[in-house]
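Please keep the sequence and the model in view while reading.

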Amino acid sequence: MDEPQTRGAAVKPADESAGGGSVTQKKELTIYLDGEFLPESEAKVSVFDHGLLYGDGIFEGIRFYNGRVFRLEEHLDRLWDSARSICLEIPVSREEMTEALLATIRQNGLRDGYIRQIVTRGVGNLGLNPAQCKRPSIIIIAATIALYPEEVYRNGLTIVTCATRRTNAAALNPAVKSLNYLNNVMARIEANLAGADEALMLNDAGNVAECTADNVFIIKKGQIFTPPISAGALRGITRSVAFDIAAELGIRITETDITRHDVFVADECFLTGTAAEVIPVIKADGRVIGTGKPGAISTRMIARFRELVREGGTPIYS
Ligand SMILES: Cc1ncc(COP(=O)(O)O)c(C=O)c1O
C-alpha cells in the first residue's frame, strides 16, 4: 500500500480506517464501548472475546456527511440481519444503538466521517462454542476517512483478478458482514503483491462476485450491469444507491452474472462501497477498460452520489 500514486500502480490510500491505512487523528478519539465513552487508549476488549479469538461477530461501516448519517436505517437493517444469521443477540434496542452511534459522533465533534460499528460475540473461554459467551460487546468508533486521494476519482483505479475465491455461501455466506474478513484480506494481499489498487474476486463458478470491500458494476452500450447477490456479493448500501441514481438518470441497470471477459470488454467499470464511495476502474488484469479514462456514466454516477450524500440522512446535532 506504499506504492506511488501513479496510474497503473497501486494507489496509496489517503487518511482512512477501513482499507489498509491508519487513522491519522492527532487528538485521541472517544470510543463507545458497552455503554461507556472512553478515550481510545483506554477502550480495550478482553483477549477472551470471541470476536478476537474466532472473528465471531459482525460489523458495519457507515458514513456521515454534513452533520447527517447516510442511509443509517439500511445499515442497521443489515447489522440486525447479520446478527440474526449468526444467532447473535444484539444486547441493545435499535433505538439505543442509534442513540449510541449519534452520541459517539457528537462526542468526537465530527460532521463528516466514518463510523465503524462492531458487535462481538463477547467474552468466552478458549473453546469456540459461542454458548460460552454470555454477553456480546458493542464498539462504536467515529473517525475521519478518505480511502483514496481525490485524483483517483478523476483518473480511476486498476484491479486484478485474484486466485482467492469469494467464500461459497454454503461455507460462509458473504451476505453476513462478519468480523471474519480473512477471505477478503487474502484477496487484498494478492492485489498488493500484483501492484494493483483492488482485487476482483470470483465465485466458485468463475463469475465475478465483488471486490474486497466494494461491489462491482460494468457499463456496456449505455447500460449498467452488476452481479446478483447470489453471485457472492454483499448487498451493499452504496450498491443500492447506485440503483437509485441509475433509475433517476434513466439508465437501465441489470443484475446478471458477469465474467472477467465482460469486465475486459466493458465500456466503463466502477466500484461502490461506503468507504470508497463510487469510484471508477480503468484497468483490469492489464486490459484497458474503454478509453482508459473514467467514462461518462461513471462520472455522472459519482457526481450525483456526491450530491445525494449531502442532501439527506439522519441528523446528528438536532
Ligand atoms: C465485501 C464487501 N463488499 C461490498 C461492500 C460495499 O458495501 P457498502 O456499500 O454497504 O459499504 C463492502 C463494504 O461494506 C464489503 O465489505
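Helix 6 supplies three residues to the shell around the ligand, the largest share of it. The model is a predicted one, in which local features need pLDDT of at least 70, side-chain atom pairs count only at pLDDT 80 or more, and totals for chains, interfaces and linings use all residues. Residues are numbered from 1 along each chain as its sequence is written. Helices (H or I, at least four residues) and strands (E, at least two) are DSSP runs, numbered from the N terminus.

**Ligand shell**

- The shell holds 14 residues, of which Leu234, Gly236, Ile237, Thr238 and Thr274 come nearest to the ligand; a residue counts as near if its C-beta atom, placed from the backbone, lies within 6 Å.
- Two or more residues are given to this shell by helix 6 (237-249) and by strand 13 (268-273).
- Three nonpolar, eight polar and three charged residues make up the shell. In this scheme Ala, Val, Leu, Ile, Met, Phe, Trp, Tyr, Cys and Pro are nonpolar, Asp, Glu, Lys and Arg are charged, and the others, Gly among them, are polar.

**Helix 8**

- Helix 8 (residues 296-311) has 16 residues and reaches 23 Å from its first C-alpha to its last, close to the 22 Å expected; the expected span is 1.5 Å times one less than the number of residues.
- Ile297, Ser298, Met301 and Val309 are buried in helix 8. They lie on the same side of helix 8, because they cover an arc of only 100° around the axis, the arc being that of the directions from the helix axis to the C-beta atoms.
- A residue is buried if 20 or more other C-beta atoms lie within 10 Å of its own, exposed if 12 or fewer, and partly exposed in between, with C-beta atoms placed from the backbone.
- Exposed residues Ala303, Glu307 and Glu311 sit on the face of helix 8 turned away from its buried side.
- Strand 3 (57-65), strand 10 (215-220), helix 6, strand 13 and strand 14 (277-284) are the elements against which the buried residues of helix 8 pack; contact requires C-beta atoms, placed from the backbone, within 7 Å.

**Helix 2**

- The end C-alpha atoms of helix 2 are 20 Å apart, in agreement with the 20 Å that its 14 residues should span.
- Leu72, His75, Arg78, Leu79 and Ser82 are buried in helix 2. Their directions fall within an arc of 130° seen down the axis, so they line one face of the helix.
- The cover over these buried residues includes strand 3, strand 4, helix 3 (94-107), strand 5 (113-120), helix 6 and strand 16 (314-315).

**Positive phi angles**

- Asn66, a residue other than glycine, has a positive phi near 55° and lies in the loop between strand 3 and strand 4 (68-69). Asn66 is partly exposed, with 14 other C-beta atoms within 10 Å.
- Arg71, also not a glycine, has a positive phi of about 55° and lies in the loop between strand 4 and helix 2 (72-85). Arg71 counts as buried, with 21 C-beta neighbours inside 10 Å.

**Domains**

- The domain assignment, automatic or from a database, gives domain 1 (30-143) and domain 2 (150-311).
- The C-alpha centres of the two domains lie 26 Å apart. Their contact takes 22 residues from domain 1 and 13 residues from domain 2.
- On the side of domain 1 that touches domain 2, strand 3, helix 2 and strand 5 each give two or more residues. Strand 3 gives the most, with eight residues.

Terms used:
Contact = placed C-beta atoms within 7 Å.
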